Amino acid sequence: MGLWESIPPEYQDNLTRIWTSPKKRAAAMAVLLMVAIIGLYASFGPVATSLPSISKENAIRRDDWQTTSDYDIVLSHYNEDLNIMRESIESVRSRLPSTHSKRVIIYSKGSVDQDGLQELLDMSDEVVQIPNVGREGETYLSHIVRHYDTASTNIAGHTIFMQPHVAWWWVFLPRLEKVLDKNTGFLSFGPYITHICGNDTHGQFHPRMADIYSMFQMDFCPPEPVLGTWAGQFTVSRHRILENPFKVYANLRQKFHEPKDHWIFKEGWWNNEPSNPTLGHALERSWPMIFNCTDPLIEKQCDENVQNSHCQCTDG
Ligand SMILES: *[C@@H]1O[C@H](CO)[C@@H](O)[C@H](O)[C@H]1NC(C)=O
Ligand SMILES: *[C@@H]1O[C@H](CO)[C@@H](O)[C@H](O)[C@H]1NC(C)=O
């Protein structure tokens with residue numbers, strides 16, 4: 001049935017009359033045009049302006065990409081040596097339980113062309129090009145924001161966030177082998193530290209760590225020692241990632257995407273700038289607070305040479 005036939009006869013009659021009167025035809029055309037413009041705006045306008053910057057990414061995946069995974073290895077790459085990165089990925093992947101599914105996702109913050117992206121895909125399952133802002137911490141937030149509630153991409157049972165080289169390998173590798181298990185909630189692969197609202201026992205002070213505490217714990221930062229860590233390499237369970245609301249990750253990530261003259265780049269260290277923000281150094285130390293693993297006893301019980309179950313927070 002055509003459009004005309006679908007209109008009841010009594011209306012067909014009226015429409016024919018409108019269409020045959022020149023004045024009414026002009027008025028009807030004007031109305032039709034407005035409806036068309038509004039329709040076009042509704043379908044393109046608001047969508048185009050509300051697209052988050054994250055979806056402008058350039059991502060390539062292997063054909064055998066799996067939509068779910070037990071372990072994701074997520075790396076932040078700038079221009080580090082590819083052979084070292086390949087070895088780092090292998091040294092981590094080979095220590096994960098062989099019967100579990102794994103994906104390797106590389107976020108590329110360097111300026112690589114299509115061939116360069118393909119080279120990265122040779123050692124991974126997905127390569128995502130993102131702007132070089134916010135150091136490795138922004139990369140990890142971007143991964144979480146990208147996967148938080150997408151059924152098709154999904155956050156892995158455990159995500160291992162790391163950089164292209166295995167830093168503190170004598171801490172990283174034994175913890176991976178001896179401590180990581182199915183109940184792991186949060187486990188740092190770098191040394192633990194303690195701090196009081198960002199003032200740490202090594203003489204460094206990052207006042208924004210108090211804000212990060214408040215954002216994620218939804219409480220005041222207490223005037224007591226809280227667990228922190230170094231090195232930007234750790235694993236966290238899906239359960240703990242999803243325990244924090246999406247918006248908190250998105251808000252924190254947004255701070256790294258502000259323009260160069262924003263106040264966030266005026267506080268902190270002399271070399272504060274979008275590609276190396278002081279906030280990124282605060283974030284590096286804050287992952288235990290973000291994932292609710294704050295007990296300062298962990299730092300006491302788990303020094304660089306002791307790798308046992310005291311080194312992690314587990315999920316109930
Ligand atoms: C950090 O803590 C130490 C030891 O309690 C204290 O002496 C120092 O003044 C604090 N620094 C800042 C910037 O609050
Ligand atoms: C954080 O962990 C503590 C136990 O260490 C627990 O009592 C609390 O409910 C957790 N908070 C959230 C938001 O899950």
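At what angle do helix 7 and helix 10 pack, and how far apart are their axes? Helix 7 (residues 208-217) packs against helix 10 (residues 278-290) at about 40°, and their axes are 9 Å apart. Axes here are lines fitted to C-alpha atoms, for helices over the stretch in contact, with angles running from 0 to 180 degrees between N-to-C directions. Helices (H or I, at least four residues) and strands (E, at least two) are DSSP runs numbered from the N terminus.

Before continuing, I note that this is a predicted model: local features need pLDDT of at least 70, side-chain atom pairs count only at pLDDT 80 or more, and totals for chains, interfaces and linings use all residues. Residues are numbered from 1 along each chain as its sequence is written, while chains are lettered from A and ligands numbered from 1 in the order in which they are written.

On the helix 7 side, the contact comprises Arg208, Met209, Ile212, Tyr213, Phe216 and Gln217. Their partners in helix 10 are Leu279, Ala282, Leu283, Arg285, Ser286, Met289 and Ile290. Contact requires C-beta atoms, placed from the backbone, within 7 Å. These residues divide into 9 nonpolar, 2 polar and 2 charged; Ala, Val, Leu, Ile, Met, Phe, Trp, Tyr, Cys and Pro count as nonpolar, Asp, Glu, Lys and Arg as charged, and the others, Gly among them, as polar.

Ile212 deserves a word of its own. Beyond its neighbours within four places in sequence, Ile212 is in contact with Ala282, Leu283, Ser286, Met289 and Ile290.

Finally, the backbone. Most residues other than glycine have a negative phi. Trp168, however, has a positive phi of about 50°, and lies in the loop between strand 5 (158-162) and helix 6 (169-179). Ala231 likewise has a positive phi, of about 95°, in the loop between strand 9 (226-229) and strand 10 (234-237). Thank you.

Key:
Contact = placed C-beta atoms within 7 Å.
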